[in-house]
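Try each task before you read its solution.

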Amino acid sequence: MGIITALIVGLIVGALGRLVVPGRQNMPMWLHMVIGVGAALLGTVIARAAGIATETAGVDWAELLVQVVVAAIAVAIVSGVGGRRGVSRY
């Protein structure tokens with residue numbers, strides 16, 4: 001279940017990541033979403049390695065929180081770094 005939630009969280013956080021970083025980004029929306037998915041999957045791995053993720057019948061809120069935090073940080077970093085590169089267009 002962690003992989004499915006990582007995909008969903010990654011898509012949402014990746015799309016919302018564009019709003020986190022102020023200014024104009026030179027990255028397309030799909031790239032934000034791909035970064036969000038990759039980071040959320042990394043969040044699943046981190047949660048399981050740390051022993052936070054448990055097999056529950058419902059939603060594992062601790063694992064979900066780790067996924068959201070890692071994905072939000074990754075999207076903000078990459079769009080902040082990538083958004084300031086390149087040629088400014090006026």
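**Exercise 1. Find the pattern of elements along the chain.**

Step 1: read along the sequence, the pattern is α-α-α. Step 2: the count is 3 helices and 0 strands, where helices (H or I, at least four residues) and strands (E, at least two) are DSSP runs numbered from the N terminus.

Before going on, note that this is a predicted model, in which local features need pLDDT of at least 70, side-chain atom pairs count only at pLDDT 80 or more, and totals for chains, interfaces and linings use all residues. Residues are numbered from 1 along each chain as its sequence is written, and side-chain values use heavy atoms, with hydrogens and water left out.

**Exercise 2. State which element has the highest mean pLDDT and which the lowest.**

Step 1: pLDDT is the predictor's confidence in each residue, from 0 to 100. Step 2: the chain average is 75, and 70% of the residues score at least 70. Step 3: among the elements, α2 comes out highest with a mean of 84, while α3 is lowest at 75.

**Exercise 3. Check the span of α2 against its number of residues.**

Step 1: the expected span is 1.5 Å times one less than the number of residues. Step 2: α2 has 21 residues, so it should span 30 Å. Step 3: the end C-alpha atoms of α2 are 30 Å apart, which agrees. Just after α2, look for G51, which takes a positive phi of about 80°.

**Exercise 4. Locate the nonpolar patch on the surface.**

Step 1: Nonpolar side chains (Val, Leu, Ile, Met, Phe, Trp, Tyr) are joined within 5 Å, and like charges within 9 Å. Step 2: L65, V69, I73, I77 and V78 form the patch, with about 430 Å² of accessible area together; areas come from the Shrake-Rupley method with a 1.4 Å probe, and for residues only the protein chains shown count as cover. Step 3: L65 sits in α3, residues 61-84, and is exposed at 56%.

Key:
Patch = residues over 30% accessible without salt bridge, like charges linked within 9 Å, V, L, I, M, F, W, Y side chains within 5 Å. Salt bridge = Lys/Arg side-chain N within 4 Å of Asp/Glu carboxyl O. Buried < 20%, exposed > 50% of the residue type's maximum accessible area, 1.4 Å probe, protein only.
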